[in-house]
Amino acid sequence: MNTDFFILMKPELSITFIIFILLTLKVWDGIKENTTLIHLTNFLLLINFLIGFIGNSTGALFNGMYHTTDLLSLEKNILNFGTLIISLQAFEWIKNHKHVIEFYILLLTTLLGMFFMVSSGNFLMFYLGLELASIPLAAIVNFDLEKIKSSEAAVKMILSSAFASCMMLFGISMLYGTTGTLNFAELPQLITGGSLQIMSLIFVFTGFAFKLSAVPFHLWTADVYEGAPVPVTAYLSVISKAAMVFVFISILNPLFVNAQNVWYNMLFLTIVLTITIGNLFAIRQNNIKRFLAFSSISQVGFILLGISSGTHMGVTASIYFLIVYVFSNLGAFGVIALVSAQTEKENISDYKAFYKNNKTLSWIITIALFSLAGIPPTAGFFGKMFLVTAGASKGNYVLIIIAVLNMVVSLYYYLRVVKAIFVDENNEPIEKVEGNIFTKASLIICMAGIILTGFASVLYDYINSLM
Amino acid sequence: MTNLSILIIFPLLTTIAILFCRNTTQIKWTALLGSLIQLVLASLLMYSYYAERATGNTSQMLFEQRYSWYSALNIEYYIGVDGISVIMIMLTAFVVACGILISWKIETLTKEFFFLLLLLSVGTYGFFISLDLFTMFFFLELAVIPKYLLIAIWGSGKKEYSAMKLALMLMGGSGLVLIGLLATYFNTDIGSGVHTWDLLKIAHLHIPYETQLFIFPFLFVGFGVFTALFPFHTWVPDGHSSAPTAASMFLAGISMKLGGYGALRVATYLMPEAAQHYSWIIVLLATIAIIYGAFATLMQKDLKYINAYSSVSHCGFILLGIGMLTKTALIGAVMQMVSHGLMTALFFGAIGMIYERTHTRQIKELGGLLKTIPFLSSVFIIAGLCSLGLPGFSGFVSEMVVFMGAWQRPDAFHRIATILAAASIVVTAVYILRAAGSAIMGPIKNEHFNHLKDATWNEKIASVLLIVAILSIGLAPFWLINIISPDTQLIMENIARGAIGG
């Protein structure tokens, strides 16, 4: 144990430190004002985000249980950034809540879990992080304490999470049985594609599919998203998903490289189902959170498409897309959170003639949705293009044709929302909604991100250089 | 004007300037001024193009600019023009300026309207000058979604349905293009596993015959959707007739040309052998579109639908020209793009202006307009005559060139296709003359028509601009042919080389 420990584990320690500060505040009970607490936390999160850029190094700890590279540091920065934005957007909702500190403690605990998961060099560490990330998450899904739907969502979430963890553990145990190790560094040579190992691949894959809400393991998603408070939904659909994708990237191809044919076929089927079914269900939704839930399912399909290439190009494209996805999805959720906090309206039909009283917010949500749909000049276009390009590098054009046709279908339902906002008539349109300066700042950051990350190729080149 | 990027940057600046305008007057004048300056820039470009060619510069593309964009994927911001693109840019500048003049009276959400219209034009300019397939695709898609909003918000009739249909079909088309482009990209190995999006480089690579056969349908049908390739033409009538005037001018005038240009520049140029292999299907579909479009027009009672269906028929000539694969036919196809762009913009403009006054587009409710609004009625008739191919107007020249090119294919199949296509002109004459006869001539059918006011200054300028352009092609087609001809020559050479190589 030396200074390495502090340098390498800086992101985790930083989060832990914030959690301790919050705990101390809770015990001390000195600050009564909710707004002060929120501002303080936001400030700490900002510092935490900025620290993430300084003095990152590469190395491993605890006999390879924990390791970090520049790429992993970048991934943690992305998660930090998303959490900060969500925290800014949560202001309107949390400011009247009785348990502000608890919310943040739980939230940051899940983030800590995700960091460990991303940095894990061993299946045990990975599982520890996974559980640390899942259980508090179920608690904050239920954070609208008086709403029955929230509790229902939390129960669904915890049950499906537990089930997914079981699957994953079972898979891991088989892997241990056949190879005698759980260390990521040693596994690739030992996994030769024997039948028991394939079996374990299937179970691990299923566990991931649950967590990523890939079809056919997606059924919990919509209900949980609908029941959870909007900021938590945003957290689930952006941060939690991004973290799972990051881990998936560093487990699937690196470890199971000798079983590439097997997992490619599994992934092929999953992608087709995920994109198609996500889209088809999204068409029929009226609740805007459920709508975004299904749309995010189909987005995951596209991310898997990038991963399926099994190349650096695919990994770069997936991480790049996730950054764009953070901007776009949080842009949309920011507006929804604001409207939901002030008017409690969450249906697409409520958004009819939204443009009448809220011009800027309408454009923000429209641009965010266009970015999700992959329309230029938004960054979403570039993200989707790179994913599809990576997917096409395998030469499997059946998959590409299905994906591209689904982009057209997805355009249909995104345009439905845009139509409601701009075209449809409504006798009682949503009144003028005004966010505070932090919400506005978060939305401006998202918009800037959506417009700039596409044109500036710097980001993509940077990610590519980290491979 | 040798810095092509200005052609994209300037309209972009105009759109941004519109965002900062305070009232309607400011917005309109900013938009108009911007589009007029853009027209001047386009003319300057054409002038410098001539000047450069006169100095003996025979390189395929002029005024090239090339910057690396996404170096890991070899994506470049690579632009340059040849004669065809110069002409298309001129066409765009003309139609956009006239569209803005004609939309002078837009009352609802003025800022958004002009913003979206100019954003569309950015996409179009970019598409015509880019030589990198990725950049080109970026601009192609940029020119789709603003149309949805333009039609859905400011349109008339069943606007929501039409807007959605248009957006989805065009996105479907560009999706097919995307598949084709990706397949092309991964089949261009320019050494050590590096691929390229560079249009000119790909043209000089030899993509294997079987691969071409796979890729070509995606590219051609994808672009074909934009240019009303039968049976993917169904968005045209609905989209055009629901759109507000300026948007239908833009749609029919320029948007549909994106497809024609792409089918020629990307599909045919890059996949010459496949183009030959599939040419009979293209000819067949084009002929069907020409005849079907003409007869469908006969049945229409709404002026906008008449022009929309006749657009299907006229765009069939573009595809016919491309499908015939002779140099003359290709020249004819490009001329038809320009001619149809101007003519249909004028036609939609005239219909829009008449509709704004009479509040009906039904032929049987109109009548005797020549007596009350002589200027607009004359514009309508001129557009109609151009559409039916009267000598002296651009329509005649371009269709004539297509037929001459088509006749160079001596076998029975191509002869029959040519004859059938030529015969459709008779049908065109019937519907145009009938529409003009009962809507413009004859007795005044409605009391309220007596009090109509004739064209205002802005409408007059717009109409005169377009008519001058049409006449200048119709009376002196050689300048247009001269500017296109070297580039179609290059495309033909690529096809010929493909035939020898394969």
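This is a predicted model: local features need pLDDT of at least 70, side-chain atom pairs count only at pLDDT 80 or more; totals for chains, interfaces and linings use all residues.
**View 1. Where chain B meets chain A.** Welcome to the contact between the two chains, which takes 27 residues from chain A and 25 residues from chain B. On the chain B side, at least two residues each come from β1 (62-70), α5 (133-142), α6 (145-154) and α7 (159-185). Of these, α7(B) gives the most, with 11 residues. Sorted by class, the side of chain B that touches chain A has 20 nonpolar, three polar and two charged residues.

**View 2. The largest nonpolar core.** This core holds 376 residues, and those touching the most other members are Ala243(A), Ile87(B) and Ala167(B). Helix α15 of chain A, residues 312-343, gives the most to the core, with 21 residues. Take a moment with Ala167(B): leaving aside neighbours within four places in sequence, Ala167(B) is in contact with Leu411(A) and Leu415(A) from the other chain, and with Val144(B), Ile145(B), Lys147(B) and Tyr148(B) from its own.

**View 3. Helices α5 and α7 of chain B.** Here α5(B) and α7(B) pack with their axes 11 Å apart, at an angle of about 175°. Because of that angle, α5(B) is roughly antiparallel to α7(B). From α5(B), the contact uses Leu133(B), Phe137(B), Leu140(B) and Glu141(B), while α7(B) brings Ser174(B), Val177(B), Leu178(B), Leu181(B) and Thr184(B). By class, these residues divide into six nonpolar, two polar and one charged.

**View 4. Helices α13 and α14 of chain B.** Another helix pair, α13 (residues 303-324) and α14 (residues 327-358) of chain B, packs at an angle of about 170° with the axes 8 Å apart. This makes α13(B) roughly antiparallel to α14(B). Among the residues making the contact are His314(B), Phe317(B) and Ile318(B) of α13(B), and Gln336(B), Met337(B) and His340(B) of α14(B). The residues of this contact divide into 13 nonpolar, eight polar and one charged.

**View 5. A hairpin in chain B.** Strands β1(B) and β2(B), the latter spanning residues 75-81, pair in the antiparallel sense over six bridges. To get your bearings, find Ser68(B), which stands opposite Glu76(B) in β2(B). Four residues lie between the strands of the hairpin, and Asn74(B) takes a positive phi near 60°. Phe63(B), in strand β1 of chain B, also has a positive phi, of about 55°, although it is not a glycine. Phe63(B) is partly exposed, with 18 other C-beta atoms within 10 Å.

View 6. In chain A, the peptide bond from Val215(A) to Pro216(A) is cis, with omega near 5°. Pro216(A) sits in the loop between α10 (195-212) and α11 (219-227) of chain A. That loop also holds Ser213(A), whose phi is near 50°, a positive value in a residue other than glycine. Ser213(A) is buried, with 27 other C-beta atoms within 10 Å. In chain B, the peptide bond from Phe230(B) to Pro231(B) is cis, with omega near 0°. Look for Pro231(B) in the loop between α9 (209-226) and α10 (235-242) of chain B.

**View 7. Val27 of chain A.** Our last stop is Val27(A), in helix α2 of chain A, residues 10-28. Val27(A) is exposed, with 9 other C-beta atoms within 10 Å. From C-alpha to C-alpha, Val27(A) and Asn261(A) are 55 Å apart in space, and they are 234 residues apart in sequence.

Methods. Residues are numbered from 1 along each chain as its sequence is written. Chains are lettered from A and ligands numbered from 1 in the order in which they are written. Two residues are in contact if their C-beta atoms, placed from the backbone, lie within 7 Å. Ala, Val, Leu, Ile, Met, Phe, Trp, Tyr, Cys and Pro count as nonpolar, Asp, Glu, Lys and Arg as charged, and the others, Gly among them, as polar. A nonpolar core is a set of buried Ala, Val, Leu, Ile, Met, Phe, Trp, Tyr and Cys residues joined through C-beta atoms within 7 Å. A residue is buried if 20 or more other C-beta atoms lie within 10 Å of its own, exposed if 12 or fewer, and partly exposed in between; C-beta atoms are placed from the backbone. Axes are lines fitted to C-alpha atoms, for helices over the stretch in contact, and angles run from 0 to 180 degrees between N-to-C directions. Angles under 35 degrees count as roughly parallel, over 145 as roughly antiparallel, 65 to 115 as roughly perpendicular and the rest as oblique. Two strands pair if DSSP finds at least two bridges between them.
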